[in-house]
Amino acid sequence: MFVSTMLSLATGPGYPPSLKPGCLSPDANNTDLYCPGDLGYGCYKIPTILKTAKGTLLAMIEARKYSCDDHGFVDLRVRRSTDGGNTWGPSQLMYSNSTEQQWTTVGDGNWVEDASTRTIWLFHTRNNSQLFLSHSSDDGISWSKPRGMPSLKHGGGAGTGHAGGVQISSGPTKGRLIIPIYSGGPYVVYSDDHGSSWQMGAFVPGETYPDGSSAGEWALAETGTFTSNGTPILLASVRNSPNIPSPLTGKGYRLQSLSLDGGQTWGASWEVKELPEPIRGCEGALVYHPGTQKLYFSHPDPALDLFRNQLKVWSSNNFGATWEGHAVVWGKAAGYSSLAVMANGSLGVFYDRNNHSMAVFEAQSVSWTTIAP
C-alpha cells in the first residue's frame with residue numbers, strides 16, 4: 001500500500017518536490033534573477049528575454065510553485081531592467097489561473113515587439129494545450145487580458161519555442177510579426193497587420209527515426225541574407241530528441257531549415273553535426289547580430305551527448321551552414337537559454353543553471369550574464 005501510494009504521488013501533478021531554497025553561491029559573471037523559494041515558488045524554469053525598442057530588458061519565467069514538474073501550479077512572471085541589466089525591478093505576476101484547490105499550468109510564453117507601434121505581442125499556453133494571445137502597450141509594465149486562439153493550433157497539445165520572435169526587417173513582408181509555435185509540429189504564427197489578426201504558416205519539416213524524434217521547441221532568426229526581392233532568409237533551429245547518445249546512432253543532432261518567404265513555408269531540414277543534442281533534447285536560442293553580421297546559437301554542449309551540461313554559444317558567418325564554438329557561458333549543468341543583442345553590441349544570455357549533472361535537469365539558479373560577440 002505504501003509503495004503504491006508513493007508511486008501515485010510521484011506520477012501525479014506537482015511532483016517531484018521542489019528544489020532546496022536559494023540560488024547557487026554568488027558568481028561574479030552572473031546576476032541571479034530567480035531562485036528556488038522566491039515568493040513561495042519552489043522552482044523557476046524556461047527563461048525568455050526580450051530587449052524592447054526602448055532598450056528595456058524583460059526577463060520572463062515560468063514560476064512553478066510546488067515542483068519543477070511541467071504540470072502543476074505554474075504562473076508566468078517577469079522582471080524588468082531599464083539600465084542594460086545592471087539592476088532589475090521586482091518580480092511581477094503576468095498571468096496565473098491557479099488556486100490551491102485547482103492548479104493550472106500557465107507557461108510557454110513567447111513574444112515579439114512591433115517596432116512601429118511599440119506593442120509587445122505575447123503567446124502563452126494553459127495546461128500545455130490551450131493557446132492564448134495578449135499584449136503590452138507600455139513597455140511590459142502591464143499586460144492585457146489574454147484571449148484564446150484555438151484556430152492557431154493543429155493538434156491537442158500546444159507550446160512555443162520560448163527564445164523570442166522576429167519582425168521582418170525588409171522586403172514585401174516588411175513589418176511581419178512572427179512567433180515560433182508547435183502543435184502537431186513546429187510552425188510560425190504571423191501577423192501582417194500589426195497584431196490585429198494572426199495566421200499559421202506551414203510546418204518546418206522534421207524527421208522520425210527508431211532512436212528518437214524531432215520535437216516541437218524551436219527558434220528562428222533572420223540570417224543577414226536576402227532573396228532577390230529583398231525578403232530576409234530565415235533560419236529555423238529545431239530541437240531533436242535522441243533516446244540514446246548520438247554517437248551510438250549517428251542521429252540526434254540539431255535540425256535546421258530555411259524559409260525564403262517570411263516564414264510561411266520551410267525547406268527540407270538537415271542535421272547539424274556541430275550542434276549536439278543531449279538525450280531527449282533541449283531548447284536552444286538563436287539570434288542574428290547586425291554588428292558582427294553573424295548568427296549566434298546558445299545550447300548545452302553535453303559530454304558524450306548525455307545530460308544537459310555546459311551552456312555554450314556557437315557562431316556562424318554563413319547563415320547557419322556551418323558553426324564554430326564562440327564561448328562557454330557556464331561550464332557545469334545548464335538547460336534552457338534566451339539571447340538578446342545589447343545596445344553596446346554584447347550578447348545578453350538569460351539561462352538556467354546548476355552545479356551538478358542530473359538525468360532530469362532542474363535549475364538551482366536562473367541567471368543573466370553578457371558575453372562579447
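Is Cys35 buried or exposed, and at what relative accessibility? Cys35 is buried, at 14% relative accessibility. The cut-off for buried is under 20% relative accessible area. The model behind this value is predicted.

## Disulfides

A disulfide is a covalent bond between the sulfur atoms of two cysteines. The model has two disulfides. One joins Cys23 and Cys35. The other joins Cys43 and Cys68. Number the bonded cysteines in sequence order, and the pairing reads 1-2, 3-4.

| Pair | Sulfur to sulfur |
|---|---|
| Cys23 and Cys35 | 2.0 Å |
| Cys43 and Cys68 | 2.1 Å |

**Cys23 and Cys35.** This link is left-handed, with -100° about the S-S bond. Cys23 sits in the loop between helix H1 (2–11) and strand E1 (31–34). Cys35 sits in the loop between E1 and strand E2 (43–51). The pair therefore ties together parts that are twelve residues apart in sequence. Cys23 is partly exposed, with a relative accessible area of 23%.

**Cys43 and Cys68.** The torsion about this S-S bond is about 105°, so the disulfide is right-handed. Cys43 belongs to strand E2. Cys68 belongs to the loop between strand E3 (57–64) and strand E4 (74–81).

A disulfide needs the two sulfur atoms within 2.5 Å. Cys282 is also buried, at 0% relative accessibility.

## Around Gly161

Now a glycine. Gly161 lies in the loop between strand E10 (159–160) and strand E11 (166–167). Gly161 is buried, with a relative accessible area of 0%.

Which residues does Gly161 contact, leaving aside its neighbours within four places in sequence? They are Asn110, Pro180, Glu217, Trp218 and Glu283.

Thr48 gives another view of the fold around this glycine. Gly161 and Thr48 are 113 residues apart in sequence. In space, their C-alpha atoms are 9.5 Å apart.

Conventions: Residues numbered from 1 in each chain as written. Predicted model: local features only at pLDDT ≥ 70, side-chain atom pairs only at ≥ 80, totals over all residues. Heavy atoms only, no water. Helix = DSSP H or I, 4+ residues; strand = E, 2+ residues; numbered from the N terminus. Buried < 20%, exposed > 50% of the residue type's maximum accessible area, 1.4 Å probe, protein only. Contact = heavy atoms within 4.5 Å.
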